[in-house]
Amino acid sequence: MNKNQISIVFKSFFVILTVLFSNSGNAQQNYVIDNSNHFWDKVQFGGGLGLGFGSGYTNISVMPSAIYNINPIVSMGVGLQFGYLYQKDYYESFVYGGSFITLVNPIPQLQLSAELEQVRVDTDYEENYYHPGFSDAYWNTALYLGAGYRTGNVTIGARYDVLYDPNKSLYGSGFMPFVRVYF
């Protein structure tokens, strides 16, 4: 390296250091320690209930959940799911598991969501003309991406399971409407 190249390198290095240290002085902030607990002020509880009855058919589901509002735009939370399904002369099924959910509100009326759900499905099929009685137990994973219209604490929308497989998924379709309420 000749003298001019060394001079240019050192001048550039000096300019970069000067800029870094001048900005770091401006970026320093005074932090005040706040010992009060505001965690619970940002938590909302909600969930869903489902009841379906028909001729020899019963579907009951309870899905409590809680979210933490990180800021006015982003919330994250967890949920539980319990379900019971019964079809006379065909099957009886118990579903239980949990989920993680992220909600994003880019504007107050629009809510985008991503929810990872893991549930256990235990089903007993009754013996009938078409097949012998048997039991089936498996874990089902779903990743729902959704969007909805939000007004106050209520959101109405639709979500889609991007992992949907008609041969393995719990539900008959990957597309699912929802009503979400948090208090």
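Predicted model: local features only at pLDDT ≥ 70, side-chain atom pairs only at ≥ 80, totals over all residues.
Which residue lies over the face of Phe178, and at what distance from the ring centre? Arg180 lies there, 4.1 Å from the centre of the ring.

**Aromatic rings and charges**

Seven aromatic pairs are present in the structure. One of them joins Phe39 and Tyr68: the ring centres are 5.0 Å apart and the planes meet at 15°, so this pair is stacked. Phe39 belongs to the loop between helix 1 (3–27) and strand 1 (43–54), whereas Tyr68 belongs to strand 2 (residues 57–69), so the pair ties together parts that are 29 residues apart in sequence. Phe39 is partly exposed, at 39% relative accessibility. Tyr68 also counts as partly exposed, with a relative accessible area of 27%.

Another pair is formed by Tyr90 and Tyr91, whose ring centres are 5.2 Å apart and whose planes stand at 80°, so the arrangement is edge-to-face. Tyr90 is partly exposed, with a relative accessible area of 37%, while Tyr91 is buried, at 17%. Both residues belong to a cluster in which ring pairs link Tyr90, Tyr91, Tyr125 and Phe134.

| Arginine | Ring | Distance from the ring centre |
|---|---|---|
| Arg180 | Phe178 | 4.1 Å |

**The surroundings of Glu115**

Arg159 also takes part in a polar contact with Glu115, in which the two side chains are joined at 2.7 Å. Glu115 is located in strand 5 (residues 110–125). Is this residue buried or exposed? The relative accessible area of Glu115 is 13%, so it counts as buried. A polar contact of 3.0 Å connects the side chain of Glu115 with the side chain of Ser99. When neighbours within four places in sequence are left aside, the residues in contact with Glu115 are Ser99, Phe100, Ile101, Ala142, Leu143, Tyr144 and Arg159.

**The nonpolar core**

The largest nonpolar core consists of five residues: Leu85, Tyr91, Val95, Val119 and Val121. Strand 4 (91–107) and strand 5 each contribute at least two residues to this core. Tyr91 is therefore both a member of this core and a partner in the edge-to-face pair with Tyr90. Val95, a further member of the core, touches Gln81, Phe82, Gly83, Leu85, Val119, Arg120, Val121 and Leu170, not counting residues up to four places away in sequence. Among these contacts are the core residues Leu85, Val119 and Val121.

**Strand pairing**

Strand 1 pairs with strand 2 in the antiparallel sense, over twelve bridges. Within this pairing, Gln44 stands opposite Ile67 in strand 2. The two strands form a hairpin with two residues between them, and Gly56 in the turn has a positive phi of about 75°. Strand 1 is also joined to strand 8 (residues 175–182) by two bridges, and these strands run antiparallel. Here the bridge partner of Gly46 is Tyr182 in strand 8.

How values were computed
Residues numbered from 1 in each chain as written. Heavy atoms only, no water. Phe/Tyr/Trp six-rings, centres within 6.5 Å; stacked < 30°, edge-to-face > 60°. Helix = DSSP H or I, 4+ residues; strand = E, 2+ residues; numbered from the N terminus. Buried < 20%, exposed > 50% of the residue type's maximum accessible area, 1.4 Å probe, protein only. Lys NZ or Arg CZ within 6 Å of the ring centre and 35° of its normal. Polar contact = N/O pair within 3.5 Å; in protein donor to acceptor, adjacent residues only side chain to side chain. Contact = heavy atoms within 4.5 Å. Core = buried A, V, L, I, M, F, W, Y, C linked by side-chain atoms within 4.5 Å. Pairing = 2+ DSSP bridges.
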